[in-house]
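The points are grouped by topic.

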Amino acid sequence: MSVKDMKGRKVLIVEDERRIARFLQMELEHEGCTAAVEDNGSRACERLAREEYDIVLLDVMLPGLDGFSVCRKVREFSQVPIIMLTARDDIEDKVQGLDIGADDYITKPFATPELLARMRVVLRRQAAASGSDGSEEVLSIKRLCMYLARHEVMVGDVHVELTKKEYDLLEYMMRNKRTVLSRDQILSNVWGYDYMGDTNVVDVYIRYLRQKLDDKFGEKYIHTMRGVGYVIKE
Ligand code: CA
């Protein structure tokens, strides 16, 4: 899909001022987008957890939950592009918005071409980051996917938060999936040959990964081969 073209994009407009929401919806539909409107912050969060959108236009002042809180909450499970709509030309609002993971902001009132231009920029940036040109390396097993370029781990459409070491360990095991790896192999490849600590560290981190993957999603990824080591497999 060309990012110059907004056609077919699924947009969620989170805005409680009906007049503005309706206007945006019409403008976006005119561009060929599918535009849905939500007028309440907490309902917007629920909706974004349930449905996939290509981009979100998020007003700051909202009933239920304000736009900043919505953004922060959504970032716990989704990297959907978010553009904040702020009524006040307040630099602190903008900084706060970007700090909590918004991709851009636009101050009301704004002209439609400017909004569309910003939407295109954000979509293009996201396409580049996620390698939707097909160039990105993805390691996957069952519903678990590691997107190496953007350093992201997903199980289905749920984002998994890992520490640096957990990520490195998972990447090493995924690159060697279906191969049984000894503790020493894991230790030297993930922690380095000069690692001086306890070899139990491998077991500890395997346990962390199991909590975040196997236990959380109720699927078995990491298998113990008694007396040999660990393997990640279907
Ligand atoms: Ca509002």
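Glutamate 15 and lysine 108 form a salt bridge in this predicted model, and their closest N and O atoms are 2.9 Å apart. The pair links distant parts of the chain, 93 residues apart. Glutamate 15 lies in the loop between strand 1 (10-14) and helix 1 (18-30), and lysine 108 in the loop between strand 5 (104-107) and helix 5 (112-129). Both glutamate 15 and lysine 108 are buried.

**Other salt bridges**

- The structure holds 19 salt bridges.
- Arginine 143 forms a salt bridge with glutamate 219, with 2.9 Å between the closest N and O atoms.
- This pair, too, links distant parts of the chain, its members being 76 residues apart. Arginine 143 sits in the loop between strand 6 (138-141) and strand 7 (144-147), while glutamate 219 sits in the loop between helix 8 (200-217) and strand 10 (222-225).
- Arginine 143 has a relative accessibility of 39%, so it counts as partly exposed.
- Lysine 164 and aspartate 168 meet through their side chains in a salt bridge of 2.7 Å, N to O.
- Lysine 164 and aspartate 168 are separated by about one helical turn, because they are 4 residues apart in helix 6 (residues 164-175).
- Lysine 164 counts as exposed because its relative accessibility is 56%, whereas aspartate 168, at 18%, counts as buried.
- Salt bridges that share partners join Glu15, Glu17, Asp59 and Lys108 into one network.

**Calcium site**

- Asp16 (OD), Asp59 (OD) and Met61 (O) coordinate the calcium ion at 2.1 to 2.4 Å.
- Along the chain, the donors of the calcium ion follow the spacing D-x42-D-x1-M.
- Aspartate 59 has a relative accessibility of 2% and therefore counts as buried.
- Methionine 61 has a relative accessibility of 52%, so methionine 61 counts as exposed.

- Strand 3 (residues 55-59) is mostly covered, with 5 of its 5 residues buried.
- Ile55, Leu57 and Asp59 point one way from strand 3, and Val56 and Leu58 point the other way.
- Strand 1 and strand 3 run parallel and are joined by 4 bridges. Leucine 12 has valine 56 in strand 3 as its bridge partner.
- Strand 3 also pairs with strand 4 (residues 82-86) in the parallel sense, over 4 bridges. The bridge partner of aspartate 59 in strand 4 is leucine 85.

- An open sheet of 4 strands has the order 6-7-8-9 and antiparallel pairing.
- Strand 6 and strand 9 (158-160) are the edge strands, each pairing on one side only.
- From one strand to the next, the twist averages 25°.
- Strand 6 and strand 7 run antiparallel and are joined by 4 bridges. Valine 138 stands opposite tyrosine 147 in strand 7.
- Helix 6 packs on the sheet and touches strand 6, strand 7 and strand 8. The direction of helix 6 makes about 110° with that of strand 7.
- Helix 8 packs on the sheet as well, touching strand 7, strand 8 and strand 9. The direction of helix 8 makes about 150° with that of strand 9.

**Nonpolar cores**

- The largest nonpolar core has 31 residues, of which Leu144, Leu170 and Ile186 touch the most other members.
- The elements that give two or more residues to this core are strand 6, strand 7, strand 8 (152-155), helix 6, helix 7 (183-191), helix 8 and strand 11 (229-232).
- Helix 8 provides the largest share of this core, with 7 residues.
- Not counting residues up to four places away in sequence, leucine 144 touches Leu139, Val153, Met154, Val155, Leu170, Met174, Leu213, Tyr221 and Ile232.
- Another core, of 20 residues, lies apart from the largest one. Ala36, Cys45, Leu58 and Met84 are among its residues.

**Threonine 112**

- Threonine 112 is found in helix 5.
- Threonine 112 has a relative accessibility of 12%, so it counts as buried.
- Leaving aside neighbours within four places in sequence, threonine 112 is in contact with Phe23 and Glu27.

Technical notes: Residues are numbered from 1 along each chain as its sequence is written. This is a predicted model: local features need pLDDT of at least 70, side-chain atom pairs count only at pLDDT 80 or more; totals for chains, interfaces and linings use all residues. Side-chain values use heavy atoms; hydrogens and water are left out. Donors are N, O and S atoms within 2.8 Å of the metal (3.2 Å for Na, K and Ca); water is not among the atoms, so sites may look incomplete. Buried means under 20% relative accessible area, exposed over 50%, partly exposed in between (1.4 Å probe, protein chains only). A salt bridge is a side-chain nitrogen of Lys or Arg within 4 Å of a carboxyl oxygen of Asp or Glu. A nonpolar core is a set of buried Ala, Val, Leu, Ile, Met, Phe, Trp, Tyr and Cys residues joined through side-chain atoms within 4.5 Å. Contact means heavy atoms within 4.5 Å. Two strands pair if DSSP finds at least two bridges between them. Axes are lines fitted to C-alpha atoms, for helices over the stretch in contact, and angles run from 0 to 180 degrees between N-to-C directions.
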